[in-house]
Each structure stands twice: as structure tokens, then as C-alpha cells.
Amino acid sequence: MGDFGDFISDLPQSIIENILTKVPIRDAVRTSILSSKWRYKWSTLTHLLFDDKCASLCTDRKIIETKLTTFINQTLFLHQGPIHMFHLSTNYLQCCVDIDQWLLFLSRNNVKELILELGEGEWFRVPSCLFNCNRLTRLELFRCEFDPPVKFKGFPSLKTLNLQQVLVAPEAIESLISSCPQLESLALSYFDSLALTICAPNLKYLSLEGEFKDIVLGNTPLLVEMNVHMYMTDDIAEHFEHSSSCNFINMLGNVPYLEKLMGHVYFTKYLSIGNGPGIFSITYSHLKRIELTSVSFEDMTEILVVLRLITNSPSLEELQISSSSNTISGIEAPDLDFWEQDGPSDATLQQLKVIRMTEMSGVLHEMKFIEFLLGNSSVLKTMSIAPSAYAVEGRVKMLVELLRYPRASARAEIIFVEATIQGWKNDELVVVSCNCKHVLWFRARLGELSAPVKSPSALKSESVRKRA
């Protein structure tokens with residue numbers, strides 16, 4: 001057999017760099033001992049990711065810090081050429097003075113992507129040299145504190161900004177966002193009592209999590225995806241009580257190209273503040289998916305918010321709703337005439353195919369909402385309903401109600417996801433409607449069931465089978 005030589009060493013440098021980027025930086029640096037050809041192959045890598053694995057782990061925190069800083073210092077000292085991405089993820093270097101020097105070095109090497117993930121401990125104060133990185137396209141800071149200089153004019157090329165547990169003045173955040181004209185993705189997490197106005201004409205993806213007093217999307221016409229977790233404190237609740245502005249308009253009044261909306265915890269409650277029927281109407285022609293959690297079906301203003309979103313979204317294909325209704329208080333069910341007087345009477349959901357309802361308690365307005373969806377979704381394929389763990393006694397009644405609701409779609413399946421019902425275990429009850437009025441049968445994975453349950457009229461088809 002002939003000598004084929006060292007093919008890997010003779011590969012183009014660009015291919016070798018691509019290979020080295022697939023392995024941890026510590027292993028990439030170790031390739032320098034393979035041969036003289038490999039001594040500096042790693043030194044031109046443009047993407048550097050440092051984490052705690054770069055140092056040999058031991059029980060002595062001080063030793064780990066020393067080894068980690070030494071390794072990073074040596075790597076940057078021997079590095080040649082530009083560094084496009086610098087990613088530091090560690091639980092040991094929160095207040096390491098070396099980080100300031102690394103950031104200064106990066107600011108002089110035209111870094112494009114900078115990610116600092118610092119663990120629990122003291123907050124790292126970002127040095128002013130960071131704001132000299134004019135070529136940044138991506139900036140992610142975790143557990144940091146920063147205060148932009150007065151003369152800071154923004155990052156002209158920044159497209160992604162992610163701030164989590166960052167200490168910064170509210171006005172500084174707004175100024176930073178508005179001074180990044182190319183910003184496309186924005187994520188802010190764990191902010192307390194923040195009143196935020198966002199002006200970002202090229203923004204496409206928005207993720208917010210925290211205790212927000214106000215959120216105003218002042219100039220975000222290209223937004224396509226929004227994910228918001230709203231938390232509540234006593235101060236914020238008091239602020240809402242005295243608020244006169246319409247939160248629905250402030251947040252969703254200028255997002256005509258929205259395709260995906262996810263709202264959690266107090267999101268629908270927030271949107272209902274200052275809200276009322278007929279105040280504002282906007283068509284979300286591109287909105288295809290809506291996911292809302294902790295919707296209170298005891299609050300008629302929240303129900304109006306949900307109905308407004310659904311009926312004003314003609315392209316809606318997927319809907320997911322999680323309820324937070326109280327079974328006991330829901331029994332009283334005020335505003336019984338709401339659905340006849342204020343509910344949408346001529347709504348047609350012509351594209352809605354999939355509906356998921358979770359944490360359902362079976363209270364009146366929940367069931368009315370489900371009835372509305374079934375009766376107006378002409379192409380619906382599946383509706384899955386998962387009852388709340390606390391709604392034990394009302395599950396059979398809920399199922400009976402579902403069976404009698406008319407359906408606009410002849411092919412709609414109702415999947416009743418049930419943990420236990422009358423002795424069944426891990427049940428998945430599927431109600432299929434072949435004829436909107438009469439033909440029904442069950443397909444179920446059951447613990448025990450000897451015969452199918454028949455509809456009042458003759459069944460065209462009967463099928464009861466066990467699923468593995």
C-alpha cells in the first residue's frame with residue numbers, strides 16, 4: 001500500500017479552520033503539538049468560544065479562575081488576524097479585571113459578535129471601550145451593568161441585541177435601541193418596573209420578560225414575531241388602576257406584518273387595560289399563530305382581547321390558549337348575555353386548522369369560547385382540550401357539552417386529553433364529526449371500554465380500538 005501522506009495538513013486553511021471551529025477551543029489550541037505545520041493553524045480562528053471547560057475543573061475556585069484567565073490571555077496573545085465572534089460563558093470570572101483588557105483588545109480588532117454570559121455573583125460593569133465596537137452585529141450581555149457614554153451614537157451595524165439581568169437606566173435602553181438602525185432581533189429579560197418605548201423600524205423579532213409598567217411599540221412596522229412574559233407586582237397593579245391609555249393599541253397598534261404572537265402570564269390582562277369593545281380595529285393579515293397562557297375567562301375584558309385578536313386575524317392557522325380560570329368562582333359566571341350582545345356574531349375563521357386548549361376548568365365562558373371556535377372554524381382539523389388538574393368533578397359534564405356543540409368543519413376532531421376519568425388511565429379521547437349534526441364516534445386509548453358510544457342517529461361508521 002502506497003504512502004498517501006498527511007492529507008488533512010495539506011487541506012486549504014479555510015477548511016482546516018472550519019474543522020477547528022467544530023471542536024472546543026481548548027482542543028483546537030492543543031492541535032499545535034501535532035506537528036510544526038499545525039503549530040499555528042488554530043491562531044487564525046475567527047470564532048472564539050471560552051467556557052469553564054477551558055480550565056481543568058477542581059474544587060478550588062481560585063485555581064479555576066487562574067487557569068481560565070491564563071488560557072484566555074495566552075490564546076488572545078497568540079491569535080493572529082480578525083476575531084469576528086467572542087463568546088465568554090463562565091461562572092467564575094464575574095469581576096475579573098482581565099475581562100476589561102479582553103474587551104479593549106476586541107474593540108481594536110473589529111469584533112462583530114460579542115456574548116458575555118456571567119454567572120451568579122457580583123455584576124460585571126461593562127467598560128466604556130465596548131461602545132467603541134462600531135462593527136458589532138450581535139451583542140448579548142448576561143448579568144452585567146453598563147452605562148453608555150454621553151457621546152455614544154449607537155451601534156450602526158447591530159442586528160441582534162440580547163440583554164438578560166442587565167442593570168441599566170430605562171432611558172439608556174430606549175436610547176440604545178433607537179440608535180441601532182439595523183436592529184432586527186431584540187430580547188430583554190428580568191427587568192423590574194420598566195416603562196419601555198421601542199422605536200426600531202427594522203425590528204423583526206421581539207422577546208420581553210419581566211415586570212413592565214408600560215410597553216409601547218412606537219415604530220416597529222416590520223415586526224413578525226413577538227414573545228412576551230408579563231409579571232405583576234403590587235406597584236404595577238396600582239399603576240394599571242390609574243392608567244388611562246389603551247395598552248392594546250400601544251403594544252399591537254403598529255405591527256401589521258406580525259406572523260406569530262406569544263403572550264404569557266399577565267399578557268392578556270395587560271392588553272385589557274384601557275380596552276373596550278369597538279375602540280380600535282386593525283387587521284393582522286399575516287398573523288398565523290397565536291399562543292396565550294393564563295387567560296382568565298372570568299374577566300370579560302380579557303375575553304374581548306382574545307376575541308379581538310382572533311377575529312381580526314384572517315390568516316390565523318394555529319391557536320393555543322391556556323386558562324387560569326377558578327372553578328369555584330366560575331360557577332357564578334357573571335355577564336351571561338355577553339356572547340349574545342357583545343360577542344362577534346358574524347365572525348368566520350376561514351384558515352384556523354389547529355386549536356389547543358389547556359388547563360380548562362369547564363366554566364361557562366370557557367365553554368362558550370370553545371363553542372364559538374367550533375361553530376366558526378370552517379377548515380378546523382383538530383381541537384385538543386386538556387382539563388385542569390383541579391377540575392375533577394366537571395370533566396364528564398365538559399365532555400357532554402363538547403359533544404353537543406355544532407361544528408362548522410365536517411372533518412374536525414376533538415381530542416380530549418384526560419389523565420383519569422371514571423377509571424380510565426392515560427386516556428386520549430378523540431371525538432370525530434363526520435356530519436356536523438349527527439354522525440359521531442369515539443376513537444380512544446382506554447383502560448377499559450367494551451362498546452362504542454353511539455350518536456342519536458345511525459352511525460355511518462363505528463370504530464373503537466386500542467392504541468399502543
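A crossing is called right-handed if the near helix is turned clockwise from the far one by less than a right angle, and left-handed if anticlockwise. This is a predicted model, in which local features need pLDDT of at least 70 and side-chain atom pairs count only at pLDDT 80 or more, while totals for chains, interfaces and linings use all residues. Residues are numbered from 1 along each chain as its sequence is written, and side-chain values use heavy atoms, without hydrogens and water.

Let me begin with helix α9, residues 300–311, and helix α12, residues 364–376; they pack at about 10°, with axes 12 Å apart. The two are therefore roughly parallel to each other (angles under 35 degrees). Their crossing is right-handed. In contact, meaning heavy atoms within 4.5 Å, M300, I303, V306, L307, I310 and T311 of α9 meet H365, F369, F372 and L373 of α12. Those contact residues comprise eight nonpolar, two polar and no charged.

I turn to helix α3, residues 61–78, and helix α4, residues 98–107, which pack at about 20° with their axes 11 Å apart. The crossing of α3 and α4 is left-handed. Here the contact residues are four nonpolar, two polar and one charged.

Note on methods:
Axes are lines fitted to C-alpha atoms, for helices over the stretch in contact, and angles run from 0 to 180 degrees between N-to-C directions. Helices (H or I, at least four residues) and strands (E, at least two) are DSSP runs, numbered from the N terminus. Ala, Val, Leu, Ile, Met, Phe, Trp, Tyr, Cys and Pro count as nonpolar, Asp, Glu, Lys and Arg as charged, and the others, Gly among them, as polar. Angles under 35 degrees count as roughly parallel, over 145 as roughly antiparallel, 65 to 115 as roughly perpendicular and the rest as oblique.
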